[in-house]
Amino acid sequence: MTSFICPLCQASFNRQDKTQVCENNHHFDIAKEGYLNLLPVQSKSSKNPGDNKEMMSARRAFLNTGGYLALAEKVAQTTQHYLTNVEQASVLDLGCGEGYYTALISQQVSSHHICGLDISKVAIRYAAKRYKNIDFCVASAYQIPLADESIDLITRIYAPSKAEELMRVIKKNGYLITVTPAPRHLYQLREVIYEQVEAHLQENEAINGFTKIEQINLNYELIIEQEQQLKDLINMTPFAWKFTQEKLALLLTQSNWKIECDFNIEVFQKN
Ligand SMILES: [Zn+2]
């Protein structure tokens, strides 16, 4: 079991039936799917923060076709590589969504303990239902409900985070693996939207308190034959709303699509 802590006072929990209670008597319910909702009501900016259901369904359908499997496998292998000499490591998948990558990482590093965190309750509910061997919680990445220096490795795929929090929860010499889009990512989709495609600027991030120890570029061509798979891919991107009916129709005149996937995987070690 992951030792989540109270997000309000940082005390540890004692389980009482279907509730986790801290020594200051803050209560958090364990959902019937087994996840813990640790998002204090006052820190929600909307009723259901995080990705909405439509975006999640599109992402889920697309991921199920294996379109990003190469990425998931690369992240899982990289995770395993850096944990080779660690026994029973604690791994956190930050911004895990509905747990697609979390599950693949968990398979690869089955001797270690992995948990997933996301601010979206619909996504976490789905994850907890599907992947029973992983601990999931609804929480903010800006206020991670885990004790100081309790995590050996964090994976952060496309998710926002706060350097101070990463610094706080990762053990000394522990790792952070991040995935961000590289310049050619989904170029052929962006080409339809923009008159002139600007290559994404590579986000070579420097994270306070960490040293970058590896950078991997993962680039491959995705062949899409089903119209629905293409639509799902579009609907899970942040630029979905820029596709007018006209532009979508133009794209759909083709019968199969070759789309570049380009990811920047970076590994950081805590100083
Ligand atoms: Zn508390």
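Visitor: Is Ile234 buried or exposed?
Guide: A residue is buried if 20 or more other C-beta atoms lie within 10 Å of its own, exposed if 12 or fewer, and partly exposed in between, with C-beta atoms placed from the backbone. Ile234 has 22 C-beta neighbours inside 10 Å, so Ile234 counts as buried. This is a predicted model: local features need pLDDT of at least 70, side-chain atom pairs count only at pLDDT 80 or more, and totals for chains, interfaces and linings use all residues. Numbering starts from 1 along each chain as its sequence is written.

Visitor: Where is Ile234 found, and which residues does Ile234 touch?
Guide: Helices (H or I, at least four residues) and strands (E, at least two) are DSSP runs, numbered from the N terminus. Ile234 is found in helix H7. Two residues are in contact if their C-beta atoms, placed from the backbone, lie within 7 Å. Not counting residues up to four places away in sequence, Ile234 touches Leu189, Ala240 and Phe243. Ile234 and Leu248 are 14 residues apart along the chain, and their C-alpha atoms are separated by 9.5 Å.

Visitor: Which residues of H7 are buried, and what do they pack against?
Guide: In helix H7 (residues 227-235), the buried residues are Leu230, Asp232, Leu233 and Ile234.

Visitor: S10 and S11 are strands. In what order do the eight strands of the open sheet stand?
Guide: Two strands pair if DSSP finds at least two bridges between them. Here the order is S4-S7-S6-S5-S8-S9-S11-S10, and the pairing is mixed. Strand S4 (36-37) and S10 stand at the edges; each has a single partner strand, so one side of each is left without a neighbour in the sheet.

Visitor: How many bridges join S5 to S6 and to S8?
Guide: Five bridges join S5 to strand S6 (residues 113-118), and the two run parallel. The bridge partner of Ser90 in S6 is His113. Four bridges join S5 to strand S8 (residues 151-157), again parallel. Asp93 stands opposite Thr155 in S8.

Visitor: Which way do the side chains of S5 point?
Guide: In a regular strand the side chains alternate between the two faces of the sheet. Ser90, Leu92 and Leu94 point one way from S5, while Val91 and Asp93 point the other way. Five of the five residues are buried, so S5 is largely enclosed by the rest of the structure.

Visitor: Asp93 also contacts Tyr101. What else is in contact with Tyr101?
Guide: Leaving aside neighbours within four places in sequence, the contacts of Tyr101 are Ala72, Val75, Asp93, Cys96, Thr155 and Ile157. Tyr101 sits in helix H3 (residues 100-108). With 25 C-beta neighbours inside 10 Å, Tyr101 counts as buried. Tyr101 and Gly116 are 15 residues apart in sequence, and 9.7 Å apart in space, C-alpha to C-alpha.

Visitor: At what angle do H2 and H3 pack?
Guide: Axes are lines fitted to C-alpha atoms, for helices over the stretch in contact, and angles run from 0 to 180 degrees between N-to-C directions. H2 and H3 pack at about 45 degrees, with their axes 9 Å apart. Angles under 35 degrees count as roughly parallel, over 145 as roughly antiparallel, 65 to 115 as roughly perpendicular and the rest as oblique. H2 and H3 are therefore oblique to each other. The contact involves Ala72, Glu73, Val75, Ala76, Gln77, Thr79 and Gln80 of H2, and Tyr100, Tyr101, Leu104, Ile105 and Gln108 of H3.

Visitor: What is the phi of Asn25 and of Gln88?
Guide: Most residues other than glycine have a negative phi. Asn25 has a positive phi, near 65 degrees. Asn25 lies in the loop between strand S2 (19-22) and strand S3 (27-29). Asn25 is exposed, with 9 other C-beta atoms within 10 Å. The phi of Gln88 is also positive, near 45 degrees. Gln88 lies in the loop between helix H2 (69-82) and strand S5 (90-94). Gln88 is exposed, with 9 other C-beta atoms within 10 Å.

Visitor: In what order do S1, S2 and S3 stand?
Guide: They form an open sheet in the order S1-S2-S3, with antiparallel pairing. The twist averages 30 degrees from one strand to the next. S1 and S2 pair over four bridges. Gln16 stands opposite Thr19 in S2.
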